Amino acid sequence: MGVKSGLELITLPYGHQLRLDLIERHTTMAIGIAVDILGCTGNLEERVATLNRIIQVAVELKDSMGDLYAFSAIMKALEMPQIARLEQTWTSLRHCYTQTAIMYEKQLKPFSKLLHEGKEITCVSQNIVTVPLLMPLVTLLERQTVVFEGMDVWENTDQSCDIMLKHLATARLIAQNAEQYSANAERILTGFQPDDAMNEIFKTEFQMRLLWGSKGAQVNQNERYEKFNQILTALSRKLEPLTKQIEHRNA
């Protein structure tokens, strides 16, 4: 096809399947992270410790690994309404892991906002990026194909057209910088020895089977996402019921 890299392929019409795979993988990663947090039904301390570790992973992805794609999946999970509504959990994080909470509020959230506003090239040194953001671009190119819960945050502003053009312009730079991203990854991973036995868990198909089972993974995407959205909502309300939240606010 005359394409040098997958990053170039996703900008072209025949990169359709790769774009769908990237969207599916991003969503399954975000859901999996949400399950990690909401699945901590034992006690508040366990849930807060898990939240702290996940935010620390986001920091490492941003600052050390330069993987903005995985970073955005974690941020998507943390900003899900089922996670964001856990007032007791977030309050406890501020008390027990103050620096982590400050890092999340003052650095990670503003940084994520800048990325999704199309400012990736200006706010991130390309010398450390190993995997660029990708999601706004593939979302735009597959808007008519993939079913979404709603528009992205950056699409709900009066600057949405300008932001869209920035993401499309960034696509050209992503394709041009593919070799640099690869070189950055090789430098950062110097000395790293991958475990071949672990390769399977990084495949999108494995993540889908893990969340929905072999048969469930074949179901319509919209149905799968809606079902898990309901499960996450139920888990969230079980951990922190609405009535207790109201009482906590009035206390």
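Is Thr50 buried or exposed, and what is its relative accessible area? Thr50 is buried, with a relative accessible area of 10%; buried means under 20%, exposed over 50% and partly exposed in between, for a 1.4 Å probe and protein chains only. The model is predicted, so local features need pLDDT of at least 70 and side-chain atom pairs count only at pLDDT 80 or more, while totals for chains, interfaces and linings use all residues. Residues are numbered from 1 along each chain as its sequence is written, and side-chain values use heavy atoms, with hydrogens and water left out.

Thr50 lies in helix H3. Helices are DSSP runs of H or I with at least four residues, numbered from the N terminus. Leaving aside residues up to four places away in sequence, Thr50 touches Asp36, Ile37 and Cys40. Contact means heavy atoms within 4.5 Å.

Helix H3 (residues 44-65) packs on helix H6 (residues 87-96). The angle is about 70°, and the axes are 9 Å apart. That makes H3 roughly perpendicular to H6, a term for angles of 65 to 115 degrees. Axes are lines fitted to C-alpha atoms, for helices over the stretch in contact, and angles run from 0 to 180 degrees between N-to-C directions. From H3, Leu44, Arg47, Val48, Leu51, Asn52 and Ile55 meet Gln88, Thr89, Trp90, Ser92 and Leu93 of H6.

Ile55 also touches Leu78, Thr100, Tyr104 and Leu108, among others. The largest nonpolar core has 54 residues. Such a core is a set of buried Ala, Val, Leu, Ile, Met, Phe, Trp, Tyr and Cys residues joined through side-chain atoms within 4.5 Å. Ile55, Phe71, Leu78, Trp90 and Leu108 have the most contacts inside it.

Notes:
Helix = DSSP H or I, 4+ residues; strand = E, 2+ residues; numbered from the N terminus. Parallel < 35°, antiparallel > 145°, perpendicular 65-115°, else oblique.
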